[in-house]
Amino acid sequence: MLEPIQGEGGFNVAPPEFMQALRKLCDTHGILLIADEVQTGFARTGKLFAMEYYDVKADLMTMAKSLAGGFPLSGVVGRAEVMDAPAPGGLGGTYAGNPLAVAAAHAVLDVIKEEQLCKRATQLGEHLKEVLNQARQSCPAIVDVRGQGSMVAVEFNDPQTGKPSPEFTREVQLKAQEQGLLLLSCGVYGNVIRFLYPLTIPDAQFTKALAILSQVLKG
């Protein structure tokens, strides 16, 4: 089981060759390949699901979060022979199949299609990465800008030692917060800032956030 793009781990994108090798390994040993699309699913990466970037199909896929636009709902989909394997009554739950949650999910899918959120995720993400890459010229602590669509991250290391710098990351967060911009950190060393803004964010608000971010990174 893996995330096509790590979430809490630092927004590391799985290379295509890694995914292909993993599929081959699973096939060789009869192991199910399960894709965790809880964070990456529903237009976040520029496609409805991040696995669409790979020439690989998962046996099972988990989803939640954006599935119902914040309303509590999760799901599992997969190959018919896997999903149909449990005997009748083998799968269930007290809160399974909540009709209001399912209605919310239908509404989310309508909005994704009608407002072309996959395309918008790509456009917003490209703009964000452009700002972050420009900031590298005046911020030597930036060692990587990565991501797919609007699932983007920037990583900071100490320019002197080359080691991860959660201290600098926290400093960026605090300076941004003073100007009204909240930033989340992640990664094994806490030296990565991740961006997971709503894909429906107004253009003016997004532009203002980027201006604050750019100013903070320039020091």
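Q: Which residue in β7 stands opposite Val152?
A: In β7, the residue opposite Val152 is Phe195. The model is predicted: local features need pLDDT of at least 70 and side-chain atom pairs count only at pLDDT 80 or more, while totals for chains, interfaces and linings use all residues. Residues are numbered from 1 along each chain as its sequence is written, and side-chain values use heavy atoms, with hydrogens and water left out.

Q: How do you know that β5 and β7 pair?
A: Two strands pair if DSSP finds at least two bridges between them. β5 and β7 share four bridges in the antiparallel sense, and therefore they meet this condition.

Q: What makes β4 and β5 a hairpin?
A: β4 and β5 pair in the antiparallel sense over six bridges, with two residues between them. In the turn, Gly149 has a positive phi of about 60°. Phe156 in β5 is the bridge partner of Ile142.

Q: Why is Ala43 called buried?
A: Buried means under 20% relative accessible area, exposed over 50%, and partly exposed in between, with a 1.4 Å probe and protein chains only. Ala43 has a relative accessible area of 0%, so it is buried. Its place is in the loop between β1 and β2.

Q: What is Ala43 in contact with, beyond its neighbours within four places in sequence?
A: Contact means heavy atoms within 4.5 Å. Ala43 is in contact with Leu48, Ile112, Leu117, Cys118, Ala121 and Leu199.

Q: How do you know that the length of α4 agrees with its number of residues?
A: The expected span is 1.5 Å times one less than the number of residues. For the 19 residues of α4 this gives 27 Å, and the end C-alpha atoms are 27 Å apart, so the two agree.

Q: On which side of α4 do its buried residues lie, and how do you know that?
A: The buried residues of α4 include Leu117, Ala121, Leu128 and Leu132.

Q: Why is the set of 27 residues called a nonpolar core?
A: A nonpolar core is a set of buried Ala, Val, Leu, Ile, Met, Phe, Trp, Tyr and Cys residues joined through side-chain atoms within 4.5 Å. In the largest such core, with 27 residues, Leu128, Leu132 and Phe195 touch the most other members. α6 gives the most to this core, seven residues. Among the residues that Leu128 touches are Val152, Phe195 and Phe206.

Q: What makes β1 and β3 the edges of their sheet?
A: The open sheet runs in the order β1-β2-β3, with mixed pairing. β1 and β3 each have a single partner strand, so one side of each is left without a neighbour in the sheet. β1 and β2 pair in the parallel sense over three bridges, and Ala35 stands opposite Met61 in β2.
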